[in-house]
Amino acid sequence: MGLTRREFLAGIGAGASVSPAVTFGGKGAEGAVECFRVKPHLQLLEENGVAVVWMTGAKATGYVTWTQDDWNTKHTAWQEKDGLLDANSYVHKAVINGFDPHRRLDFRVHSRIFGSFGPYTVSYAGDEAIDSGMMNAILPGDGSISWAMFNDVHENLDIYDSLIGHLDGIASFCVFNGDIINHVDDEADVEQRLLAPFARVSQTAKLPVWYLRGNHETRGGFARNLRDYLALKDSRYYGAVTIGGVRFAFLDTGEDKQDGHREYSGLVAFDRYLEEQNAWLKRETMSAEWRNAHARIVIRHIPGPLTVPVRDWRHNLPRLYNMDMILKQANVTLCMCAHLHHWDWHAPTTARPYPMIVGGGPGLGNPRDHDNATLAKCRLCGKTLSVQLLNQAGRLLINKTLAI
Ligand SMILES: [Fe+2]
Ligand SMILES: [Fe+2]
């Protein structure tokens with residue numbers, strides 16, 4: 001017999017078990033379907049807003065309970081759209097709003113796989129499964145804001161084995177700055193090469209992640225479905241958020257060649273997309289949130305103008321030039337980029353009157369052009385912003401201190 005939602009919420013007859021990966025009858029080696037196909041993780045939306053995202057092995061429902069006072073006060077969050085609660089789906093995104101970023105947050109994900117989903121009754125294939133997790137205070141007591149950047153992993157999942165170990169001291173969020181997947185062909189790409197690393201990083205470092213597309217994640221037919229697996233602020237790949245008085249602009253630089261390039265088969269329109277985004281960026285950089293922020297950080301996959309230009313890597317795209325022109329007037333504190341697979345610190349120039357750090361990346365094609373994967377770490381405390389870049393061995397490649 002299926003449970004009513006009231007019974008489900010109350011846990012009646014659920015026989016709830018706490019396990020990192022509870023399985024149910026149906027499929028798999030021992031006739032089981034994994035309830036948590038992708039473990040629950042946190043995607044950042046606001047200083048006081050995150051989405052808990054997970055995937056189930058079969059169509060399921062689920063919700064999140066959370067607390068900031070050791071479960072003395074318990075809140076419940078459901079994914080909800082057009083009056084319907086999350087059900088009959090593989091991807092689950094429950095938004096937690098209004099938490100205190102100065103305190104740690106504990107959460108539990110309650111999920112349950114359907115046996116059948118009829119118009120007037122549903123049945124479940126197994127008991128409720130629970131996975132629990134926590135998030136450290138995004139804004140710790142010492143007044144600091146700290147964030148880190150992965151980029152250009154290109155499906156080399158072993159990169160996480162080493163770089164995750166260097167995340168110590170990062171509390172606010174971690175950004176995945178594009179080219180995490182080589183191309184998006186099917187759900188398995190998204191599940192195993194994007195969401196699973198999000199879960200690994202989020203659960204290990206106990207922080208939320210923010211995802212930005214690189215040019216590679218615009219490739220492949222399933223790139224059109226990628227957004228279904230993400231909790232995007234305002235349903236856009238680009239956006240801005242204020243954390244601890246610091247304004248972050250996350251920009252989607254799109255493809256790296258002209259729309260008419262033969263590789264795209266006439267199926268992209270990034271000129272139009274960036275025109276729209278640049279109009280938004282102009283409004284953003286003129287807003288009070290931007291102008292009055294303690295610091296203004298831009299994160300984008302394809303870099304702005306380099307201090308010393310190397311080959312024709314930007315393909316003279318007017319849409320990127322227009323983005324650079326807006327940022328030139330925007331009193332940017334720091335820009336964080338990727339794409340080149342060649343890490344470096346780029347001092348300010350006339351065209352780009354703010355410093356820019358570019359993360360490294362693994363060898364693709366021409367190994368002489370590429371070095372290796374890196375983790376960028378930033379910490380802003382008072383009037384000092386420290387920017388570090390580490391390689392997989394933990395060697396400090398860049399160590400800068402900026403006065404804000
Ligand atoms: Fe790349
Ligand atoms: Fe790239």
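Which residues in α4 meet which residues in α6? Hold that for a moment, with some housekeeping before it.

This is a predicted model, where local features need pLDDT of at least 70, side-chain atom pairs count only at pLDDT 80 or more, and totals for chains, interfaces and linings use all residues. Residues are numbered from 1 along each chain as its sequence is written, chains are lettered from A and ligands numbered from 1 in the order written, and side-chain values use heavy atoms, with hydrogens and water left out.

Back to the helices. On the α4 side we have Phe-270, Asp-271, Leu-274, Gln-277, Asn-278, Leu-281, Lys-282 and Thr-285. They meet Arg-319, Leu-320, Asn-322, Met-323, Ile-326 and Leu-327 in α6. Contact here means heavy atoms within 4.5 Å. The residues of this contact split into 7 nonpolar, 4 polar and 3 charged. Helix α4 spans residues 270-286 and α6 spans 318-328; they pack at about 5°, axes 9 Å apart. So α4 is roughly parallel to α6, a label for angles under 35 degrees.

Next, the cores. A nonpolar core is a set of buried Ala, Val, Leu, Ile, Met, Phe, Trp, Tyr and Cys residues joined through side-chain atoms within 4.5 Å. Buried means under 20% relative accessible area, exposed over 50%, partly exposed in between, with a 1.4 Å probe and protein chains only. The largest core has 64 residues. Phe-150, Leu-167, Phe-176, Val-201 and Tyr-211 have the most contacts inside it. Helix α3, residues 187-205, gives the largest share, 7 residues. Domain 1 (5-135) and domain 2 (145-403) each supply at least three. Those bounds come from an automatic or database assignment.

Look at Val-201. Leaving out residues up to four places away in sequence, it touches Phe-150, Tyr-160, Ile-164, Leu-167, Cys-174, Phe-176, Lys-206, Leu-207 and Val-209. A second, separate core has 52 residues, including Leu-44, Val-175, Phe-248 and Met-336.

Now Ala-51, in strand β5, residues 49-67. Its relative accessibility is 0%, so Ala-51 counts as buried. Beyond four places in sequence, Ala-51 touches His-41, Leu-42, Gln-43, Leu-45, Ala-94, Val-95 and Ala-231. Lys-233 is 182 residues away along the chain, yet the two C-alpha atoms are separated by 9.8 Å.

Last, backbone angles. Trp-71 has phi near 70°, positive in a residue other than glycine. Trp-71 sits in the loop between β5 and β6 (75-78). At 24% relative accessibility, Trp-71 is partly exposed. Lys-206 also has a positive phi, near 55°. Its loop runs between α3 and β15 (209-212). Lys-206 is partly exposed, at 31%.

Definitions and conventions: Axes are lines fitted to C-alpha atoms, for helices over the stretch in contact, and angles run from 0 to 180 degrees between N-to-C directions. Helices (H or I, at least four residues) and strands (E, at least two) are DSSP runs, numbered from the N terminus. Angles under 35 degrees count as roughly parallel, over 145 as roughly antiparallel, 65 to 115 as roughly perpendicular and the rest as oblique. Ala, Val, Leu, Ile, Met, Phe, Trp, Tyr, Cys and Pro count as nonpolar, Asp, Glu, Lys and Arg as charged, and the others, Gly among them, as polar.
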